[in-house]
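Subject: Structure handover and notes

Dear colleague,

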Amino acid sequence: MIEAPDLSLAALAPLLFIFGAACVGVLVEAFWPRDTRHPVQVSVALVGTVGALVCTLLLAGSREITAGGALAVDGAGLFLQATIAGLGALSLLLFAERSLDPARSAFVTSAAVPAGSPRDRELLTSTRVQTEVYPLASFAIGGMMLFTAANDLLIMFVALEVLSLPLYLISGMARRRRLLSQEAAVKYFLLGAFASAFFLYGLALVYGATGSVRFSDIRSASLADGTDILLVLGLALLVVGLLFKASVAPFHTWTPDVYQGAPTPVTAFMAACTKVAAFGAILRLLYVAFGTAEWTWRPLVYGVAIVSMIVGAVLGLTQTDLKRMLAYSSIAHAGFLLTGVIGLGAGGEGSGLAATMFYLLAYGLTTLGAFAVLTLIRVGDGEATHLSQWAGLASRSPLVAAVMALFLLALAGIPLTAGFTGKFAVFRAAIEEGAWPLALVALLASAVAAFFYLRVIVLMYFSSPAADGPTVGVPGLPTTIVLAITATATVALGIVPGSVLDVAEQAAIFVG
Amino acid sequence: MTLTYYLVLAAILFTIGAVGVLVRRNAIVVFMCIELMLNSVNLTLVTFARATGTVDGQIMAFFVMVVAAAEVVVGLAIIMSIYRTRRSASVDDANLLKY
């Protein structure tokens, strides 16, 4: 006789909402007439993400373990889930933008047609839109939300794949520069699958060492016998798999290529949401399963944090393509986020958890906004991402230049922006845990990274515009909404961060 | 019967797979090496299930198989689309994105 596990439907509502919307999206794709499918798909995906966001907000304060112990519903998990759902809804709005590209969509009409073939050229100018991206993105968002709630390694692995597989596909679906996009998809897929294999081997070793993959069992086993080599090896492999997803150097090599090749709305989605999900999983794994054996992961995280900050900041200096530059910026930011993970402290007593959660929210909003601005600046029929094309943008479009400058300043961590508050919080958490050398390196890396952000601002404001410069597209309603929300939030989280910081602090608890 | 042999065999298979991913040039072969890594994990899981006397490891092996199958679908679709355009599945030919 098999006993059914206890299943709290209320606690699972956010996940049910988004996965339900994704399944409805698949049905719409199959049965709805093509000419009216786009608005329907966008609505279904938005209902799913916004519904999931509302459900997480309604659940605020609840704390339980459900689905037979496989899923944890707690403050930190709900905060991160709400962040993912909100940022996911904004990304979907970017996907839905139809007034920027002359062919009315950033996504290829038929991904199966070979790039450059006569049929492809024929479809390039057609205004037929492809709507498969919406259910795919919904599945990815659902996977990310599950990733932060997983309370055992097997669920975490399944969630990792549910979020990755759709992302591999949609990063290969750009309408313009299809070869670059397909190449990005192949690289992302091969390296992503390689990294999941490492995660999986880590899972198997931890299972061998502790006899279970449940986080609470792993914790008690690591307390009883913390020196087990199998356990430590398994933990290292698990962390490698997760650091890959979080694009932390030295596991970052896919990041610049994929960020550059993927369609810009998808890049925005990956930069914002995948980062939140990956760090959510890292935090939960290290806090719940290995929080009492802090010495096992601290040196590893300490080392990769330094490498990531330096690689991101130094290689970012040499970039001439804005999307690549923002990719290296995301690598540097992953390093800054890891200083917050160090701030977790022994048994999670430090303020690192709340600080990292706030940083993820601030960074996600800012980077999403920066990529949204990138979709506006166009040359010919594609996006103008080369730095030299941005020269003198302020004289052509002061508003767009000002918004971009705001996002770049926030990424650089200038006071009165969200980036400063976030950096201050994670550095303080690291120093409180005695990791002041790490905080020192982080400050130096921030100073180096500030140079390449400020270089773009100088270029926009103090260079004369080129004669055949890019045009500034007039955004439609979706992109306008995204820019308004992200810009407002970037300023608000910089000037009055108190209430959000309080929420993060109250929520900063994992059950397990 | 020692279970250690199975674990060592799995570790060797995993290493062969990992080295294959790093040195082989054809995307399909790289992908097959990743599948080899996943299967070595399955062997490890089943061995540990036997060692600990629980069935969890065997159930997890099924999960891994299902996920690997889904990965094949997505992966072959992506490799197929780039092959149709370039008439080559070599990872060295995909070199437009760099530095």
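The notes below go from the contact between the chains to the helix pairs, the core and a few single residues.

Please keep in mind that this is a predicted model, in which local features need pLDDT of at least 70 and side-chain atom pairs count only at pLDDT 80 or more, while totals for chains, interfaces and linings use all residues. Residues are numbered from 1 along each chain as its sequence is written, and chains are lettered from A and ligands numbered from 1 in the order in which they are written.

The contact between the chains takes 33 residues from chain A and 32 residues from chain B, where two residues are in contact if their C-beta atoms, placed from the backbone, lie within 7 Å. On the chain B side, α1 (4–23), α2 (27–52) and α3 (56–86) each supply at least two residues, and the largest share, 15 residues, comes from α3(B). Helices here are DSSP runs of H or I with at least four residues, strands are runs of E with at least two, and both are numbered from the N terminus. By class, this side of chain B has 23 nonpolar, seven polar and two charged residues; Ala, Val, Leu, Ile, Met, Phe, Trp, Tyr, Cys and Pro count as nonpolar, Asp, Glu, Lys and Arg as charged, and the others, Gly among them, as polar.

Within chain B, α1(B) and α2(B) pack at an angle of about 165°, with their axes 8 Å apart; axes are lines fitted to C-alpha atoms, for helices over the stretch in contact, and angles run from 0 to 180 degrees between N-to-C directions. That makes α1(B) roughly antiparallel to α2(B), since angles under 35 degrees count as roughly parallel, over 145 as roughly antiparallel, 65 to 115 as roughly perpendicular and the rest as oblique. By class, the contact of these two helices has 15 nonpolar, five polar and no charged residues.

In chain A, helix α14 (residues 352–374) and helix α19 (residues 477–495) pack at an angle of about 140°, with their axes 9 Å apart, and they are therefore oblique to each other. Residues that meet here include A:L365 and A:G369 in α14(A) and A:V482 and A:T486 in α19(A), and the contact has nine nonpolar, five polar and no charged residues.

The largest nonpolar core has 235 residues, and those with the most contacts inside it are A:A137, A:V206, A:M357 and A:L408. Such a core is a set of buried Ala, Val, Leu, Ile, Met, Phe, Trp, Tyr and Cys residues joined through C-beta atoms within 7 Å. Helix α7 (residues 178–210) of chain A gives the largest share of this core, 21 residues. Leaving aside its neighbours within four places in sequence, A:L408 is in contact with A:A370, A:Y453, A:V456 and A:I457.

Some single residues also deserve a look. A:V248, in the loop between α9 (229–245) and α10 (254–261) of chain A, counts as buried with 31 C-beta neighbours inside 10 Å; a residue is buried if 20 or more other C-beta atoms lie within 10 Å of its own, exposed if 12 or fewer, and partly exposed in between, with C-beta atoms placed from the backbone. A cis peptide bond, with omega about 5°, joins A:A249 and A:P250. A:A67 has a positive phi of about 55° although it is not a glycine, and A:A67 is partly exposed, with 19 other C-beta atoms within 10 Å.

With best wishes
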